[in-house]
Amino acid sequence: MVGLKGGAAVIEPPEPDRSSTESFDRISTSLEPGSYINRGYDTSLSQSKDTLATCTTDDSRKQIFGVDENEDRGNWTGRWDFLLSLLGYAVGLGNVWRFPYLCYRNGGGAFLIPFVLMMGIIGIPLFYMEASLGQFCSSGPMTCWKFAPLFKGVGIAMVIVSGLTSLYYNMILGWSFYYMFASFTSELPWQSCINEWNTPNCSLKLPLVPCNEGTQYPNGTCYQGEAFLGLWNYTIFKNTTGRVRVSPSEEYWNNNALGMSDSFENFGSPKWQLVLPLMLAWLVCFLCLIKGIKTTGKVVYFTAIFPYVVLLILFFRGVTLENAGLGIEYYIIPRWERLLDARVWKDAAVQIFFSMSVAGGGLITLSSYNRFHNNILKDSIIVTVADTLTCIFAGFVIFSYLGFMAGKLNVPVDQVARDGAGLAFVVYPEAVTNLPAPPLWSILFFFMLITLGLDSEFAMLETVLTGCMDQFPKLRPWKTYVILAICCIFFILGLPLTCNGGMYLLQLMDNYVGGWTLLIIGFTECMVIAYAYGLDRFLQDIEIMIGYHNPIYWKVCWYAVSPLAIVFIFIFTFVDYTPSTYGDYNYPAWADALGWIMAICSVLAIPITMVYMVKKEDDFVELPKKLRVLVTPSRDWGPALFKHRKLVTYVDGWVLDPQAEKSPFTYTNPGFRDKSMSDLRVSLSKYIYTAIVVTTNPSELSFSRSTGNVSQWSAPSQGDISQISQASQVSFESNV
């Protein structure tokens with residue numbers, strides 16, 4: 001039994017004649033330089049292909065790229081595939097449009113203090129934990145929970161959250177495609193107020209003028225004779241008439257691109273102008289995932305690097321604009337008094353989950369395709385630091401343009417800054433109209449949004465795909481058809497987002513699916529690994545992968561600091577809860593109820609799976625004993641390959657080759673070396689084993705199970721059988 005002493009003892013096959021050891025097959029392995037003696041493992045075994053299909057090397061930790069280490073599951077092809085995929089997954093749209101807004105809203109530069117602190121106690125530890133878990137067991141979020149089968153529902157919840165998030169995330173990519181294609185023109189469609197979708201409140205129809213040569217009217221308007229010149233006092237005009245100036249880009253976004261209805265109740269029907277971009281977004285995802293990580297691992301070389309190129313171009317152009325310093329000043333000047341506001345700390349912690357993409361299953365999925373000895377600690381530090389710096393750098397880019405727009409509109413920066421889609425599809429399009437060659441800058445910006453979003457979308461879809469592949473391995477030969485089915489189903493489910501009220505639905509999903517559900521999943525994951533599996537063992541697992549001890553910092557964070565911080569965020573999220581809004585629109589109560597249903601359905605997988613696992617466990621009747629069994633690692637938990645399982649020497653009763661227990665075991669008698677007898681083998685399936693199993697603690701019999709039944713005999717993969725009844729008998733029958 002893994003991790004316990006006193007498990008059931010079983011009879012080993014008879015020891016072969018070692019008098020002719022020179023005739024033993026010798027197998028080269030990259031785990032230990034040289035060779036070792038083959039004592040029963042034959043090429044007909046299906047357990048661990050690497051016992052034979054490896055190469056000799058003097059460096060046991062050397063990673064050979066271009067050849068899959070795990071042939072059944074596959075690995076990243078190139079050295080940088082994983083790192084760039086991880087970076088692309090972590091650095092997404094939230095870095096560009098969410099962090100700068102939160103930084104401005106919560107004290108400017110002062111917000112960086114709680115953000116960096118929360119990154120250190122929540123973001124980096126959970127990021128490292130998930131990535132290490134996936135790499136150690138080479139399994140996705142659905143099947144990595146063999147170390148505590150009771151909590152498999154956490155992995156299912158991760159897949160559900162990733163699936164729901166990918167639905168509306170791809171709609172954002174669809175909007176980006178729509179805007180990019182609309183930019184291929186000599187004049188951008190949101191540059192003027194003379195289009196059919198414009199209203200009398202379009203800002204270019206109500207320009208701000210000094211009215212030096214006209215007549216100033218009490219309602220804030222300015223006329224020269226009968227000709228309307230503009231507004232000499234916008235505040236008086238707004239208070240007198242109730243009318244509000246709307247930028248051309250905002251009218252294009254609401255009235256043309258979205259065709260947005262006035263309420264959630266008037267949902268409307270799908271718009272073909274959005275259905276086609278959404279279909280294109282799903283087609284791109286399918287083509288990039290058609291071969292799994294073999295294709296996405298190459299695509300990310302462009303999609304992960306290109307956004308930084310565009311951000312650099314936009315940065316140097318932005319800081320040279322007039323009034324750019326006004327926006328940067330709002331961004332970086334700290335307002336220290338805001339640090340006393342608990343909401344600031346809550347926003348910083350929640351942004352960590354958005355920015356680092358933890359608890360969504362994507363980190364486990366991507367790292368599960370790593371080679372076993374990849375330095376996952378170094379990769380985690382690189383990605384988390386790069387993500388933090390990207391957030392800060394994107395803030396400088398964005399607020400330089402916000403300062404420029406504030407000067408153009410003659411309004412404070414706080415009236416220009418917006419969150420989410422309003423920043424990406426209203427503020428930026430308006431900003432590029434004031435630059436030389438607006439279509440060029442517009443194409444560059446929206447293509448950057450597409451590349452930013454695709455990396456994250458790839459990881460979320462790969463999480464769903466890997467969950468299906470790991471849960472149902474027979475589907476692996478048809479991976480292309482599975483990802484095609486997933487993309488088609490998700491495209492159909494995403495069609496409501498293309499309706500007139502689709503924006504209300506997308507905002508609702510973003511508020512509930514990607515909010516406190518991630519907190520519950522992250523907290524449960526941290527507690528299970530720390531207290532059910534054990535941090536000492538988990539740290540030893542990491543040590544055999546990376547080759548050196550972990551600092552005590554990780555232990556302190558995983559044991560107490562990270563869970564307590566998550567609990568604080570979770571409690572404050574509910575204390576500070578307010579019904580959903582979009583701009584000035586307040587969602588009806590039934591819409592909020594729909595959001596709660598989506599959120600609850602995500603995390604409900606955890607308790608439902610726990611109940612199912614308890615009912616399925618039939619070794620015991622008593623609930624405490626069932627729970628004890630289900631929080632114990634199964635016999636096949638651990639590294640996927642035999643050569644890596646040999647490194648686990650710190651667990652009592654560790655099973656070297658669990659697959660051998662489930663497949664016919666072929667035993668080769670090395671004593672027969674005559675040519676005519678060289679292929680003579682005696683299969684253990686022909687043997688009749690009669691063994692009386694004796695255990696030191698009968699109450700722990702179930703812990704020695706391999707398939708749920710202790711009465712089933714399995715050929716042991718290692719010796720050290722301490723207690724065997726004298727009455728044990730082994731009789732051999734063969735057709736020799």
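Author: C211 sits in the loop between α5 (152-182) and β3 (215-216). The model is predicted. Phi of C211 is near 60°. That is a positive value, and C211 is not a glycine. Is C211 buried or exposed? C211 counts as buried, because its relative accessibility is 7%, under the 20% cut-off.

A359 is at 0% relative accessibility, so it counts as buried.

Next comes a strand residue. G230 belongs to strand β5, which spans residues 227-231. With a relative accessibility of 0%, G230 is buried. Which residues does G230 touch, once neighbours within four places in sequence are set aside? The contacts are P207, V209, G220, T221 and C222. L206 is 24 residues from G230 along the chain, yet the two C-alpha atoms are 5.2 Å apart.

Now the charged pairs. Side chains of opposite charge can pair when their charged atoms come close. A search of the whole structure gives nine salt bridges. D341 takes part in two of these pairings: with R338 at 3.5 Å, N to O, and with R343, where the closest N and O atoms are 3.8 Å apart. How accessible are these residues? R338 has a relative accessible area of 23%, so it is partly exposed. D341 is at 24% and is partly exposed too. R343, at 32%, is likewise partly exposed.

K346 and D347 form another salt bridge, with 3.4 Å between the closest N and O atoms. Here both partners are on the other side of the cut-off. D347 has a relative accessible area of 6%, so it is buried. K346 is at 14% and also counts as buried, because buried means under 20%. Elsewhere, salt bridges with shared partners link R73, D470 and R476 into one network.

Then there is a helix pair. Helix α4 covers residues 112-137, and helix α14 covers residues 376-409. Their axes come within 9 Å and cross at roughly 145°. The crossing of α4 past α14 is right-handed. Which residues of α4 meet α14? On the α4 side they are L112, F115, M119, I124, F127, Y128, A131, S132 and Q135. Facing them in α14 are I376, L377, S380, I381, V383, T384, D387, T388, C391 and I392. By class, this contact has 13 nonpolar, five polar and one charged residues.

Last, the whole chain. The protein chain has 25 helices and eleven strands. Of its 736 residues, 55% are buried. C211, with its 7% relative accessibility, is one of the buried residues. Take contacts between residues at least 6 apart in sequence: 79% of them join residues at least 24 apart. The accessible surface of the protein chain comes to about 31,200 Å². Carbon and sulfur atoms account for 60% of that surface.

Key
Residues numbered from 1 in each chain as written. Predicted model: local features only at pLDDT ≥ 70, side-chain atom pairs only at ≥ 80, totals over all residues. Heavy atoms only, no water. Axes fitted to C-alpha atoms, helices over the stretch in contact; angles between N-to-C directions. Helix = DSSP H or I, 4+ residues; strand = E, 2+ residues; numbered from the N terminus. Left-handed = near helix turned anticlockwise from the far one by under 90°. Contact = heavy atoms within 4.5 Å. Nonpolar A, V, L, I, M, F, W, Y, C, P; charged D, E, K, R; others polar. Salt bridge = Lys/Arg side-chain N within 4 Å of Asp/Glu carboxyl O. Buried < 20%, exposed > 50% of the residue type's maximum accessible area, 1.4 Å probe, protein only. Areas by Shrake-Rupley, 256 points an atom, 1.4 Å probe, with all protein chains shown as cover.
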